[in-house]
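I opened the model today and kept short notes on what I looked up. They follow in the order I made them.

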Amino acid sequence: MARIDTGIIDTTLDPAAELASLAGADLSAGGVASFLGQVRQEDGLTALELEHYPGVTDQALARIARTAAQRWQLDRAVIHHRVGRMTPGEPIVFVGATAPHRRAALDAVGYMIDLLKTEAPFWKRVHTARGSHWADAADTDRQAADFWLDQMASEDA
Amino acid sequence: MQITVRYVAALRDRMGRPGETLDLPEGAADSEAVIARLRETDAAAEALAHPSVRLILNDAIVPRPAALADGDILAFCPPFTGG
């Protein structure tokens, strides 16, 4: 049974500690894969503010991790997502997976971050020296999530 | 029946308020009826009708249209932009 560890973080996300908690934790795991999302400095961005829908977000993250753990037979699946205000370079999200082999761990991480983008209720507000605005959703995010969903649907068929 | 409506993120700004309580006739009430009702008095509610708008009904993300019952909390959400 895979261990699922998901949650919303309103303080700092520590990438080294996140990775350290995965390395060596599962003796059956030959592969540990991870993704770290961080605030990108572009278009005069001075800070990013992440809003979410309490109660529902937690469930969505857990569901995405459970699905990945089941599909790729993971030993462990982790999703930790920041909320609140962050500055450029700060981590927003850590996604990690451990599995017996590398391909499963790598694919599971890709699935989890792509699905998170479109299925977990988070919203980014961009702050600049001139004011602030809500970030638009990217079509490429929708396409990335659809890639995995199409692939899983064709495997189930 | 009474429904609590919430507007989230960009839709909260667009509507100019975080939400409200609506009295709807019993039966035949769904998310689209709520939008139609709001549009009668508020031109900004047109934004809620956009196909990209997602719904959270009580504590679950649900597809549109969503059937409603007395006491439900319905949140209108712009597309998610986390990660």
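Where in chain A does D43(A) lie? I found D43(A) in the loop between strand 2 (31–38) and strand 3 of chain A. Strands here are DSSP runs of E of at least two residues, helices are runs of H or I of at least four, and both are numbered from the N terminus.

I noted the ground rules next. Residues are numbered from 1 along each chain as its sequence is written, and chains are lettered from A and ligands numbered from 1 in the order in which they are written. The model is predicted, so local features need pLDDT of at least 70 and side-chain atom pairs count only at pLDDT 80 or more, while totals for chains, interfaces and linings use all residues.

**Backbone, chain A.** D43(A) is not a glycine, yet has a positive phi of about 50°. I located Q73(A) in the loop between helix 2 and strand 4 (76–82) of chain A. Q73(A) counts as partly exposed, with 13 C-beta neighbours inside 10 Å.

**Core.** I looked up the largest nonpolar core, which has 60 residues. Such a core is a set of buried Ala, Val, Leu, Ile, Met, Phe, Trp, Tyr and Cys residues joined through C-beta atoms within 7 Å. Its largest share, nine residues, comes from helix 3 (residues 102–119) of chain A. A108(A) is among the residues with the most contacts inside this core. Leaving out residues up to four places away in sequence, A108(A) touches A68(A), W72(A), L74(A), A77(A), A97(A) and A99(A). Contact means C-beta atoms, placed from the backbone, within 7 Å.

**Interface.** I read that 23 residues of chain A are in contact with 15 residues of chain B. On the chain A side, helix 3 gives the largest share, five residues.

**Chain B.** I listed two helices and five strands, in the order β-α-β-α-β-β-β from the N terminus. Buried residues make up 33% of the 83 residues in chain B. The C-alpha atoms of chain B fill a box of roughly 40 × 25 × 20 Å, taken along the principal axes. I also noted a cis peptide bond from R64(B) to P65(B), with omega near -5°. P65(B) sits in the loop between strand 4 (60–62) and strand 5 (73–77) of chain B.

Notes: Buried ≥ 20, exposed ≤ 12 C-beta atoms within 10 Å, placed from the backbone. Contact = placed C-beta atoms within 7 Å.
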